[in-house]
Amino acid sequence: MPKSSPLGLLVVDGYNVIHQTPRYEELVDAHTVPENLDTDPFVRARGALVSDVAAFAHGSYEAVIVYDGANNLNPEHPVLTSAGVRLMFSDVGQSADELIERLVTEARQAGRAVALVTSDGAIRSTVGFGPGEVTCISSALLVHEIEVGASEAARSAQRGRVRLTLEDRIDPAQRERLWRLLGR
């Protein structure tokens, strides 16, 4: 039996998440000129998704975001890493769905836990066959979890700014007993 990785594999269907959720869809620049090859309308949305997936996956998953590169003019699709997240574009003539299915299958065969983020029903149903389990997470649920995590982090940071004394942190009943011992 193959040795399992300590971290599960998180596979994110990049353009599915971007187009299924307002959080990223609003970052797609609709005003770029397609003929201008040095403009990419998805730069801001992809950057935000990488940042969010890195925070979501930290310590729990090895994350990879897969984008459809089948219609790209440039046949080069190097595997990039940003913020600890692997970015992969499918090859010309290959769909992102096919690349996702391959990554999920390889991870399952290696005995790794796999979580797949997509709202694409076809992919969700095809990755369900074979050994091991695949946890399917909808694009909206990922965004919800990211927003909840960001909210909790903001609250935690806010609490961290409040200076508490030792007295403030002691249970009130315990504090009262200590005050009595000190004769106050």
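**View 1. Surroundings of Leu49 in the predicted model.** Leu49 touches Val12, Gly14, Val17, Ile18, Tyr24, Ile65 and Tyr67, leaving aside residues up to four places away in sequence; contact means heavy atoms within 4.5 Å. This is a predicted model, in which local features need pLDDT of at least 70, side-chain atom pairs count only at pLDDT 80 or more, and totals for chains, interfaces and linings use all residues. Residues are numbered from 1 along each chain as its sequence is written, and side-chain values use heavy atoms, without hydrogens and water.

**View 2. The largest nonpolar core.** Ile18, Leu49 and Ile65 touch the most other members among the 26 residues of this core. A nonpolar core is a set of buried Ala, Val, Leu, Ile, Met, Phe, Trp, Tyr and Cys residues joined through side-chain atoms within 4.5 Å, where buried means under 20% relative accessible area, exposed over 50% and partly exposed in between (1.4 Å probe, protein chains only).

**View 3. The open sheet.** Its 6 strands follow the order S3-S4-S2-S1-S5-S6, with mixed pairing. S3 and strand S6 (134-137) are the edge strands, each pairing on one side only. Strands (E, at least two residues) are DSSP runs numbered from the N terminus, as are helices (H or I, at least four); two strands pair if DSSP finds at least two bridges between them. S2 and S4 pair in the parallel sense over 4 bridges, and Val64 stands opposite Arg86 in S4.

**View 4. The loop at Ala83.** Ala83 lies in the loop between strand S3 (80-82) and S4. Its phi is near 55°, a positive value in a residue other than glycine. At 58% relative accessibility, Ala83 counts as exposed.
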